[in-house]
Amino acid sequence: MNAMNEFIFLKLHLSLPTALPCPSDCPLLPLPRRPTAAVPQLYGGDPPSLRMDSRPPNPLLLGLLTSLLHFSRCAGGESSYIIDAVGLTILPSSTVPSGTPVTIQCQVRVSHDGIPHPTHTFQLTQDDIAIHTSTTTGDKIVYELNPARAADSGSYECQVTVKDKSKTSFSQKLDVTGLQTPILYLNKTTLYEGDTFIATCSALDEKGSLIFRFFRRFRTEEPQKMKQVASNGNSTETKLVLRQVGDYFLYCDYEISLASGTRRSNQSNEVQVIVRGLHISPVMNVLPSPHVYEGDLMEVVCKVVNSLKNVDVFLTRDRRILKKAAVSLSHRFRAQEGDSGELVCKAEWGNLQKETYQVITVKELFSKPRLTVEPVDIFEGERFTLNCSVLVYVPERISNESMKFSIYKDSVMVTPSETYITVAHPSKNGNYTCKAQAASLAHSFVKESPTLVVKAKVLVSRPVLSVVGATLVLGKRFQLLCRSDDGTLPIIYSLHGPEGLIGRRAVSKPGEQAIFNSSAIFKSTQLNNFMCHAKNSQHKPPMVGSVLQLLHSTNIIEPVSKPVLTIVPNMGDISEGQDLTLTCSVQRGTTPISFTWYHTETEGPIAAKNSKKLEASHFIRNVEGQHKGGYYCVCTNAANETKQSHTAVIKVRLAGWKKGLIAVFCILLVLALVLVVAFKTRLLHFKRKRTGELSVKSASTKVERLSLTQAEVNEAANVTPGIMGKSVWSEHVSGSESDDQNSETATEPQYTEVKTGQADPNRAPVKKGTDTVYSEVRNSKQGVPEQTDGQGSVEYAELNHDTDHRNDHGGQGDQADHNDHNDHNDQGDQGGDGNHGDDSVQHGEIDNSVDTHTADHGE
């Protein structure tokens with residue numbers, strides 16, 4: 001099928017034009033010629049009509065087919081490529097001296113699937129800064145540094161971009177050693193001190209940013225740096241000044257900053273500079289003398305004795321220029337009091353200055369007048385005096401009679417005299433001055449005194465004493481405020497207490513207050529012992545405040561005393577159902593008072609009340625058992641002092657009807673117990689009586705049957721219970737159970753067979769008797785006698801009777817039986833024949849029973 005498609009594709013393209021367009025990025029490429037011998041292999045098995053002949057192909061047809069195949073391949077998808085490697089080469093070496101030509105080559109190798117002329121974009125960087133970019137179809141570029149300088153040192157990299165792919169070469173370092181020696185040039189080498197000249201330092205072969213430095217060497221001294229200039233080029237120009245006379249040697253060098261560090265060049269050539277002195281020092285003369293009196297005429301001459309032109313002369317005092325002129329000047333003025341001081345004459349030529357100093361003294365003919373006030377503290381309504389006077393004057397030049405005085409208020413004359421007397425009033429307050437006028441032979445002078453501010457003070461008013469916060473708690477420290485409504489500051493307040501002076505406070509600024517700390521008082525009447533004094537005059541007594549307002553304006557709070565808890569009815573005698581009243585009272589304390597009651601058996605308060613009295617009550621209705629326990633109360637008031645009462649313990653008794661009910665119940669319970677005990681006692685007595693009657697009847701009918709000898713009984717007793725089987729002695733029961741069982745037993749007789757066995761070898765032989773003894777014991781409620789079946793049998797009447805007898809005696813009966821049993825054992829041991837030993841009877845009471853019945857029959 002593929003072969004068929006290729007054949008159809010070729011046949012189809014044979015009918016197309018000979019020239020077909022192709023995209024610009026898909027150039028025509030020659031295809032390898034396909035041998036004709038491969039056609040039969042490709043189309044093996046095809047019909048003859050589809051086979052190609054063996055004639056050589058038409059060249060035009062082959063070219064057309066080749067173009068069509070390449071076009072179809074380009075139209076079918078994008079071409080593939082890969083950047084294999086990027087190489088960077090620095091020639092002739094990575095380290096070269098400065099001035100050596102250096103060539104940097106960047107070459108790339110790209111693998112692709114038929115792109116004939118791929119485009120490469122080269123970017124060359126130095127220390128990550130792009131220095132060259134080129135786009136070319138060639139596979140390498142060449143960048144030349146001719147010649148290479150120190151600024152060219154660094155790390156170089158080359159990045160190549162092909163369409164959307166980039167690759168960077170390995171970094172290569174270039175080190176250019178050596179720096180060019182700079183050259184120093186001066187626009188003049190002979191100059192005057194302070195003269196300015198231009199210096200130029202250059203290194204024309206270097207590149208990059210250079211920092212130039214200028215140095216001077218004076219005679220044999222060490223070189224000193226004069227200036228440092230940063231330049232973006234390889235040359236710089238600056239102005240320099242030499243202010244000292246003499247011969248200098250100047251040179252320069254430069255620094256360059258590289259990624260590897262800072263490099264410094266050699267020093268340049270030295271240039272000798274000769275600095276000559278400039279004699280422009282001015283000369284100053286003061287006429288008639290540097291020491292004069294005020295009013296005298298003075299002349300100051302300042303000039304430069306030199307033929308140089310462009311020299312300026314200045315006369316100054318206290319950094320203020322009095323006059324300026326060229327080469328020479330003359331300044332005339334009349335001396336005044338403020339002219340004393342230092343005069344400076346300056347000569348300036350270019351940047352060079354020379355100075356000359358002269359101190360002048362101007363003496364006063366008379367001093368400034370002084371205005372004084374008496375008294376110093378002026379209060380409204382008081383008389384005060386202003387006086388104007390002169391302390392110093394020269395009598396040789398002026399006379400005291402020639403002086404005239406005048407006093408001014410706010411620049412308005414109030415009197416043409418040296419004294420002014422008036423009464424202090426707000427209208428008299430103001431700024432006062434005085435003037436003194438005197439005349440000498442040559443001049444007349446008027447001097448004014450400094451300003452005197454006159455402001456009459458207001459006498460302090462009577463102070464008012466108050467408690468800070470208007471609330472006082474007895475027993476606690478408090479603060480007192482002393483204040484006057486009127487009075488000129490400063491005011492000095494003094495507080496006096498029961499023990500004397502408490503303290504002083506000076507109020508000198510508006511808004512300040514005189515607050516005093518006082519110790520605690522315990523009675524409100526003690527406030528009468530406090531007193532405040534206020535004073536703002538040195539010559540007047542202090543004003544004393546009143547304490548009457550203090551009592552009326554203060555809220556006095558007395559803390560509560562310890563409360564007392566009263567319980568009604570009396571504590572410890574309270575019955576259930578009664579009402580309980582808990583009254584909490586205090587002896588003293590400012591109302592309202594907050595009372596709170598607590599129960600020790602519960603958490604939190606049980607009640608709280610605010611009262612305007614000294615006591616409050618809490619009621620508990622229908623007291624129950626849960627109300628027992630301790631009670632206490634707590635009280636407080638505005639003094640915020642909490643006091644607690646003692647704890648009262650309450651015991652709640654049962655109610656009367658509950659006690660009666662319990663008593664009735666106890667009586668009924670006792671009666672019931674008595675009845676039960678009586679009933680059981682009567683029943684037991686009845687049973688015993690009944691059993692006794694039955695035993696007597698049975699014994700009377702069977703007297704003849706008690707023919708069992710003592711020896712036979714002993715022999716029978718010697719037989720062990722295991723050999724005899726079930727023994728008659730082991731079948732007895734105690735108490736009422738035996739009676740009940742006997743009463744409920746059927747009338748049929750019960751037989752107990754006692755067999756004789758082999759005698760105990762340790763005992764003596766006993767008398768032979770009947771081999772078998774049948775003992776018929778019959779218990780009957782009716783007491784009917786039972787029949788015996790032969791001789792040698794014994795009817796044992798009512799073994800349970802003895803058992804009941806022992807049970808009635810309790811522990812004493814048991815102990816007696818045990819003693820009897822021991823007595824029989826002793827007798828048996830003394831008899832010698834063993835017929836009456838301990839082993840003859842299992843229980844000690846058997847012999848006694850037989851004897852008893854025998855005695856009954858005898859009687």
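1. Surface first: the accessible surface of the protein is about 50,700 Å², and 52% of that belongs to carbon and sulfur atoms. Areas come from the Shrake-Rupley method with a 1.4 Å probe, and for residues only the protein chains shown count as cover.

2. Please keep in mind that this is a predicted model: local features need pLDDT of at least 70, side-chain atom pairs count only at pLDDT 80 or more, and totals for chains, interfaces and linings use all residues. Residues are numbered from 1 along each chain as its sequence is written, and side-chain values use heavy atoms, with hydrogens and water left out.

3. The protein has 11 helices and 55 strands (DSSP runs, numbered from the N terminus: H or I of at least four residues for helices, E of at least two for strands). Of its 859 residues, 35% are buried (under 20% relative accessible area; exposed is over 50%, partly exposed in between, with a 1.4 Å probe and protein chains only).

4. Now the rings: there are eight aromatic pairs (Phe, Tyr or Trp, the last by its six-membered ring, with centres within 6.5 Å; planes under 30 degrees apart are stacked, over 60 edge-to-face, the rest tilted). One of them, Y192 with W349, is edge-to-face at 5.7 Å centre to centre and 90 degrees between the planes. This pair links strand β11 to strand β25, 157 residues apart.

5. F218 and Y248 form a tilted pair, 4.7 Å centre to centre with 40 degrees between the planes. F218 lies in strand β13 and Y248 in strand β16, so the pair ties together parts 30 residues apart in sequence. Both F218 and Y248 are buried.
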